[in-house]
Amino acid sequence: MQSKLQHIALAIGILAGSTLAQAQNQVTIKEPWVRGTVAQQKATGAFMQISTDKEVRLIEAKAPASIAGVVEIHEMAMEKDVMKMRQIKGLDIAPGKVTELKPGGYHVMLMDLKQQLKAGDTVPLTLTFEDSKTKTRFSQDVKANVNALGAGNTSHMGAGAMPAGKN
């Protein structure tokens, strides 16, 4: 009886691992970058292109506590002729399309910065996604290059980009 239960537990573990690996293969991150800061600046944005082959939702972003105390997903939106930035609970990523996180639009906001972020630095981020159908959650690690303040995205095509499961 115990042997049979061990086989069932093993099969469940393999199936769960297969589902997780399948979920991780559905997201690709390209051209991740963070806007550089000046001394004493306490917030900046992270930007990138996200594509997927299945319907997923970006539900969380994290950075090491040594870099930022708070990390949120934000959007810029017009409200009564005024552009406002606000936190959102998640961002749907449609299959077959590129969702661009960019200045003036959706982005990852890094707040309560612990240090100045200078051109040439790298900021590790962990993005958490949820498969819209199965509700399976999975994470994607990203290394975002810091670009000089005001420089925009100067990273080379694909720099720092890694498909899920390849890092």
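I began with D112, which lies in strand β8 (residues 107-113). The model is a predicted one, and I read every entry here with that in mind. Phi of D112 is near 55°, a positive value, and D112 is not a glycine. I looked this up because most residues other than glycine have a negative phi. I then checked the accessibility of D112. Its relative accessible area is 35%, so D112 is partly exposed, between the cut-offs of 20% and 50%.

Next entry: E31. I found a positive phi here too, of about 50°, and E31 is not a glycine either. E31 sits in strand β1. Is E31 buried or exposed? Relative accessibility comes to 11%, so E31 counts as buried.

Then I turned to aromatic rings. How many aromatic pairs does a search of the whole structure find? I got two. In one of them, the ring centres of W33 and F47 are 4.6 Å apart. The planes of W33 and F47 stand at 40°, so I noted this pair as tilted. W33 belongs to strand β1 (residues 27-35) and F47 to strand β2 (residues 43-52). The pair therefore ties together parts that are 14 residues apart in sequence. I checked burial for both residues. W33 is buried, at a relative accessible area of 5%. F47 is buried as well, with 3% relative accessibility.

The other pair is F129 with F138. Their ring centres are 5.7 Å apart. Their planes are at 20°, so I wrote this pair down as stacked; the cut-off for that is under 30 degrees. I looked up burial again: F129 is buried, and F138 is buried too.

Last entry: strand β9. β9 covers residues 122-131, and seven of its ten residues are buried. I therefore recorded β9 as largely enclosed by the rest of the structure. Which strands pair with β9? I found strand β3 (residues 56-62), antiparallel to β9 over six bridges. Within that pairing, R57 stands opposite E130 of β9. I also found strand β10 (residues 137-147), antiparallel to β9 over nine bridges. There, T128 faces S139 of β10 as its opposite residue.

I followed the chain through the hairpin of β9 and β10. Five residues lie between the two strands. Which residue in this hairpin takes a positive phi? I noted K135, with phi near 65°.

Note on methods:
Residues are numbered from 1 along each chain as its sequence is written. This is a predicted model: local features need pLDDT of at least 70, side-chain atom pairs count only at pLDDT 80 or more; totals for chains, interfaces and linings use all residues. Side-chain values use heavy atoms; hydrogens and water are left out. Buried means under 20% relative accessible area, exposed over 50%, partly exposed in between (1.4 Å probe, protein chains only). Helices (H or I, at least four residues) and strands (E, at least two) are DSSP runs, numbered from the N terminus. Two strands pair if DSSP finds at least two bridges between them. Rings of Phe, Tyr and Trp (its six-membered ring) pair if their centres lie within 6.5 Å; planes under 30 degrees apart count as stacked, over 60 as edge-to-face and the rest as tilted.
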